[in-house]
Amino acid sequence: MSDLEAALEAGRAESEGLMRSTIRLYRPGADIFDRETGLTVPGPPTVVFYDGKARVKPAQLADSEVQASEQQVTLRQYRVSIPFSTPLPASGERPRPGDIVDVTDSPDPRIAAGLRLWVKGVEYGDTATAWRLITEDRS
């Protein structure tokens, strides 16, 4: 094993050690209109990319507020890291903007279970220590 490979292996193990939350990363199906609530909700997942441990942390200091459907919405960016060794689904599809990260458990009450994040970008690299997703909370 080369020095680079050894360093990457150690870095990936350290990165996984920081993953204390649990998430589900998936591509939602076609939107469904809920007649009872009058809201449109994402359909069942068409692809589940990952279900397991992750690191979820705020990506910027300032939130941004935008107008959406005549409502004020606050956008908060988060960086979500999942193990580098995570395989792609059998279809070979990769996560992309519009996919969803649901936080299912976290020791940090500020990143509570139930937090839904929308993927804005994905960082890949053969010398990375984890897959990193740039996401936003649209609450």
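Buried here means under 20% relative accessible area, exposed means over 50%, and partly exposed covers what falls in between, using a 1.4 Å probe and protein chains only. The model is predicted, so local features need pLDDT of at least 70 and side-chain atom pairs count only at pLDDT 80 or more, while totals for chains, interfaces and linings use all residues. Residues are numbered from 1 along each chain as its sequence is written, and side-chain values rest on heavy atoms, with hydrogens and water left out.

The overall layout comes first. The protein chain has 1 helix and 7 strands, in the order α-β-β-β-β-β-β-β from the N terminus on. Of the 139 residues, 35% count as buried. The chain exposes about 8500 Å², and carbon and sulfur atoms supply 50% of that area; accessible areas come from the Shrake-Rupley method with a 1.4 Å probe, and for residues only the protein chains shown count as cover. Taking contact to mean heavy atoms within 4.5 Å, 60% of the contacts between residues at least 6 apart in sequence join residues at least 24 apart.

Next, the interior. In soluble globular proteins, nonpolar side chains tend to be buried together. A nonpolar core is taken as a set of buried Ala, Val, Leu, Ile, Met, Phe, Trp, Tyr and Cys residues joined through side-chain atoms within 4.5 Å. The largest such core in this model has 18 residues, and those with the most contacts inside it are Ile-23, Leu-25, Val-56, Val-80, Ile-82, Val-101 and Leu-117. At least two core residues come from each of strand 1 (21-34), strand 2 (39-58), strand 4, strand 5, strand 6 (116-123) and strand 7 (130-137). Strand 2 gives the largest share, 5 residues.

Thr-86 sits in the loop between strand 4 (71-83) and strand 5 (100-105), and counts as buried at 9% relative accessibility. Not counting residues up to four places away in sequence, Thr-86 touches Phe-49, Tyr-50 and Trp-131. A polar atom of the Thr-86 side chain also lies 2.8 Å from the backbone oxygen of Pro-83.

Then there are the charged pairs. Side chains of opposite charge can pair when their charged atoms come close. Counting a salt bridge as a side-chain nitrogen of Lys or Arg within 4 Å of a carboxyl oxygen of Asp or Glu, the structure holds 10 of them. In one of these, the side chains of Arg-24 and Asp-51 meet at 3.4 Å, N to O. Arg-24 lies in strand 1 and Asp-51 in strand 2, so this pair ties together parts that are 27 residues apart in sequence. Arg-24 is partly exposed, with a relative accessible area of 30%, whereas Asp-51 counts as exposed at 51%.

Asp-99 and Arg-27 form another salt bridge, at 2.8 Å, N to O. Asp-99 lies in the loop between strand 4 and strand 5 and Arg-27 in strand 1, so the link spans parts 72 residues apart in sequence. Asp-99 is buried at 2% relative accessibility, and Arg-27 is buried at 8%. In the Arg-116 and Asp-102 salt bridge, the closest N and O atoms are 2.8 Å apart. That pair links distant parts of the chain, with Arg-116 in strand 6 and Asp-102 in strand 5, 14 residues apart. Arg-116 is partly exposed at 32% relative accessibility, while Asp-102 is buried, with a relative accessible area of 16%. Salt bridges that share partners also join Arg-27, Glu-93 and Asp-99 into one network.

Finally, the surface. Ile-32, Leu-39 and Val-41 make a nonpolar patch of about 240 Å². Patches are built from residues with over 30% relative accessible area and no salt bridge, with like charges joined within 9 Å and nonpolar side chains (Val, Leu, Ile, Met, Phe, Trp, Tyr) within 5 Å. Ile-32 lies in strand 1 and is partly exposed at 41% relative accessibility. Val-41 belongs to strand 2 and is partly exposed at 34%.

Terms used
Helices (H or I, at least four residues) and strands (E, at least two) are DSSP runs, numbered from the N terminus. A polar contact is a pair of N or O atoms within 3.5 Å; within protein, one must be able to donate a hydrogen and the other to accept it, and residues adjacent in sequence count only if both atoms are side-chain atoms.
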